[in-house]
Amino acid sequence: MFRRLIGIFVATVLLTFQFIVSDASAVELDKATRTVKLNDKGDEVVLSLKQVQEGKRLFNNVCSQCHPGGITKTNQNIGLDPAALAGATPPRDNIEALVDYMKNPTTYDGEEEIAELHPSIKSADIFTEMRNLSDNDLKAIAGHILLQPKIQGEKWGGGKIYY
């Protein structure tokens with residue numbers, strides 16, 4: 001009985017520590033790191049710490065089943081790394097373009113709509129995890145996708161980072 005109580009106590013302490021460390025990581029990100037491309041005109045936006053945390057939470061809940069670590073399980077040739085996002089038609093390497101994609105996804109070449117295959121706002125009746133996402137939620141997810149290469153480097157999406 002005493003061993004179980006000690007085990008539960010240790011597990012609680014470790015879990016609490018993990019929550020503190022994961023929340024603190026967003027606080028450590030400076031303004032330059034949190035600056036990402038807003039649109040195809042080259043405008044930039046600085047993500048708030050709240051957006052960073054919310055984007056991570058939403059991405060993990062909605063997107064990470066198919067895109068763990070920024071890869072794409074259904075097509076290993078197309079990840080969420082900067083080079084792959086910039087190479088799409090239209091380019092998806094900014095917040096507005098990623099939000100547009102999450103609303104109405106198309107193939108990598110932009111030729112065909114794939115809302116029935118990829119979770120989107122348009123197909124929220126099929127992909128229920130998309131039903132309650134607001135535009136701010138989509139922006140937070142897009143921000144997370146664009147921020148990860150700065151944090152994880154080449155590990156994110158398996159792509160190369162050129163700054």
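Predicted model: local features only at pLDDT ≥ 70, side-chain atom pairs only at ≥ 80, totals over all residues.
**Figure 1. The whole chain and its surface.** Residues are numbered from 1 along each chain as its sequence is written, and side-chain values use heavy atoms, with hydrogens and water left out. The chain has five helices and two strands, in the order α-β-β-α-α-α-α along the sequence. Helices (H or I, at least four residues) and strands (E, at least two) are DSSP runs, numbered from the N terminus. Of the 163 residues, 35% count as buried. Buried means under 20% relative accessible area, exposed means over 50%, and partly exposed is in between (1.4 Å probe, protein chains only). Take the contacts between residues at least 6 apart in sequence: 46% of them join residues at least 24 apart. A contact here is heavy atoms within 4.5 Å.

Figure 2. The structure holds five salt bridges, each one a side-chain nitrogen of Lys or Arg within 4 Å of a carboxyl oxygen of Asp or Glu. In this one, the closest N and O atoms of glutamate 54 and arginine 57 are 2.5 Å apart. The two residues sit three residues apart in helix 2 (residues 49–63), so about one helical turn separates them. Glutamate 54 is partly exposed at 26% relative accessible area, and arginine 57 is partly exposed at 42%.

Figure 3. Arginine 92 and aspartate 100 meet side chain to side chain at 3.0 Å, N to O. Arginine 92 is buried, with a relative accessible area of 7%, whereas aspartate 100 is partly exposed at 39%. Aspartate 135 pairs with lysine 103, again in a salt bridge, with the closest N and O atoms 3.0 Å apart. Aspartate 135 lies in helix 5 (residues 135–152) and lysine 103 in helix 4 (residues 95–103), so this pair ties together parts that are 32 residues apart in sequence. Both ends are partly exposed: aspartate 135 has a relative accessible area of 40% and lysine 103 has 32%.

**Figure 4. The cis peptide bond at proline 90.** Most peptide bonds are trans. Threonine 89 and proline 90, however, are joined by a cis one, with omega about -10 degrees. Proline 90 is in the loop between helix 3 (82–87) and helix 4.

Figure 5. How many aromatic pairs does a search of the whole structure find? It finds one. Phenylalanine 59 and tryptophan 156 form that pair, tilted, at 5.6 Å centre to centre with 55 degrees between the planes. Rings of Phe, Tyr and Trp (its six-membered ring) pair if their centres lie within 6.5 Å; planes under 30 degrees apart count as stacked, over 60 as edge-to-face and the rest as tilted. Phenylalanine 59 is in helix 2 and tryptophan 156 in the segment after helix 5, 97 residues apart, and both are buried. Aspartate 137, in helix 5, is buried too, at 17%. Its C-alpha lies 9.5 Å from that of phenylalanine 59, across 78 residues of sequence.
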